[in-house]
Amino acid sequence: MSSPILSSPIKSRGSLAKRIGPPLWLLAELTYRCPLQCPYCSNPLEFANIKDELTTEQWLHVLRQGRALGAAQLGFSGGEPLLRQDLEDLAAEARSLGYYSNLITSGMGLSRERVAALKTAGLDHIQLSFQDSDKELNDQIAGSHKAFDKKLEMAQVVKEYDYPMVINFVLHRHNIDHIESILNLCVAIGADYVELANVQYYGWGLHNRDNLMPSAEQLRHAEEVTQRFRKQYQNKMQLIFVVPDYYETRPKGCMNGWGSLFLTVAPDGLALPCHSARDLPISFPSVKSTPLKDIWYGSDGFNKYRGDDWMAEPCRSCPEKGDDFGGCRCQAYHLTGSAENADPVCDKSSHHHLIQAAVAQAQRSNDVRPLLFRNAKNSRQLAES
């Protein structure tokens with residue numbers, strides 16, 4: 001394996017100009033296929049029309065190139081990555097290359113045999129997602145009447161194979177009031193780490209935003225309960241509570257800056273600075289035709305929002321731009337129509353009223369349209385509309 005390139009200069013990128021470091025986190029989105037239908041999924045709405053998944057050999061080539069660039073963390077995600085029957089081969093290659101590898105899964109398609117095979121292959125970490133602590137609601141949100149029982153079974157198997165017990169719950173209006181029973185379930189199954197991730201509004205989550213966003217009172221209560229459990233189980237279970245940024249006045253420093261640390265490869269080989277960036281009106285290269293090194297350092301798409309030359313006001317003169325990098329480009333594009341605008345979460349943005357209106361809508365819990373579930377039929381209909 002060749003030595004990683006440590007840095008390369010950005011040309012004329014203003015006061016945030018710096019040398020481009022290597023990608024430290026490689027996210028391998030192995031497939032958009034999934035047996036579940038979660039209405040908050042961050043996959044693109046038109047996922048059903050995105051075909052031609054990378055082959056095993058192509059993924060192996062991506063992993064080797066990523067490690068040569070300097071990536072150390074590797075995530076296998078989707079869709080549901082367990083639908084790829086070559087997952088164990090990819091995990092074994094990741095181990096041989098020196099990655100720390102993480103499987104992000106719903107647990108559907110997992111079995112005792114596959115957990116054993118992944119352990120043998122050298123997979124380091126499994127993150128298992130639940131939809132709720134209540135079986136009926138869990139299965140309703142997942143779109144599968146067998147999901148909850150399967151997840152419980154696989155949680156115990158994962159623990160038996162001495163993996164850290166990492167549980168993820170996506171919180172939204174329909175389950176956030178169950179926060180105490182959610183955390184009690186995590187205690188019961190022996191979770192070591194729990195991520196309570198409020199829905200981030202991209203993909204299907206954005207489409208269903210008005211029916212998913214919790215009220216300010218729901219959010220306040222959930223944070224109070226989480227803090228109580230954090231104190232009670234501080235030596236046994238680590239709790240991470242991810243707040244929906246719509247309730248903030250400053251945007252998150254999305255992906256730690258565009259093209260800074262994270263490199264995503266989509267199922268069809270499109271290389272992206274983040275998993276939502278394919279929605280932007282930007283031409284991104286494919287790993288099928290362009291070496292990963294050239295994509296990371298030289299492509300127009302990855303260089304487009306590095307530095308601050310691209311920024312308009314109020315970001316350009318803002319003293320906080322080195323902390324939040326202008327916020328999320330995808331959120332700016334979806335909500336304001338231009339990715340160059342300040343993230344409207346910021347209360348300095350001239351578009352902040354859009355966030356305020358969405359938050360106000362969340363207080364009117366009965367004035368919402370029905371959830372649209374993530375499935376191939378709905379995906380094709382949205383693509384055609």
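Colleague: Hi! Where is the place of P314?

Modeller: P314 sits in the loop between α11 (300–303) and α12 (321–324). Helices here are DSSP runs of H or I with at least four residues, strands are E runs of at least two, and both are numbered from the N terminus. This is a predicted model, where local features need pLDDT of at least 70 and side-chain atom pairs count only at pLDDT 80 or more, while totals for chains, interfaces and linings use all residues. Residues are numbered from 1 along each chain as its sequence is written, and side-chain values use heavy atoms, with hydrogens and water left out.

Colleague: Is the peptide bond from E313 to P314 cis or trans?

Modeller: Cis, with omega near 10°. The bond from G78 to G79 is cis too, with omega near 20°, and G79 belongs to the loop between β4 and α2.

Colleague: And D52, is its phi positive or negative?

Modeller: Positive, about 55°, although D52 is not a glycine. D52 is in the loop between β3 and α1. Most residues other than glycine have a negative phi, and most peptide bonds are trans.

Colleague: Switching to the sheet: in what order do the strands run?

Modeller: Nine strands make an open sheet, ordered β9-β8-β7-β6-β5-β4-β3-β10-β11, with mixed pairing. Two strands pair if DSSP finds at least two bridges between them. β9 and β11 (271–272) are at the edges with a single partner strand each, so one side of each has no neighbour in the sheet.

Colleague: Which strands does α1 touch?

Modeller: Helix α1 packs on the sheet against β3 (25–29), β4 and β10 (262–265), where contact means heavy atoms within 4.5 Å. The direction of α1 makes about 170° with that of β3; axes are lines fitted to C-alpha atoms, for helices over the stretch in contact, and angles run from 0 to 180 degrees between N-to-C directions.

Colleague: In what sense do β4 and β5 pair?

Modeller: Strand β4 (residues 73–77) and strand β5 (residues 100–105) pair in the parallel sense, over four bridges. L74 has S101 of β5 as its bridge partner, and F76 has L103. From β4 the chain goes through α2 to β5 in a right-handed β-α-β crossover. Right-handed means that, with the strands pointing away from the viewer, the path from the first strand over the helix to the second runs clockwise.

Colleague: How many bridges join β7 and β8?

Modeller: Six, and strand β7 (residues 166–171) and strand β8 (residues 193–198) are parallel. N168 stands opposite E195 in β8. The link between β7 and β8 runs through helix α6 (residues 179–188), again as a right-handed β-α-β crossover.

Colleague: At what angle do α4 and α5 cross?

Modeller: The axes of helix α4 (residues 135–142) and helix α5 (residues 147–160) cross at roughly 105° and come within 8 Å. That makes α4 and α5 roughly perpendicular; the label covers 65 to 115 degrees, with under 35 roughly parallel, over 145 roughly antiparallel and the rest oblique. K135, N138, D139 and A142 in α4 meet A147, F148, D149 and K151 in α5.

Colleague: Last one: how many salt bridges are there?

Modeller: The count is 19 salt bridges, each a side-chain nitrogen of Lys or Arg within 4 Å of a carboxyl oxygen of Asp or Glu. One of them joins E93 and R64, whose closest N and O atoms are 2.8 Å apart. E93 lies in helix α2 (residues 87–97) and R64 in helix α1 (residues 56–69), so this pair ties together parts 29 residues apart in sequence.
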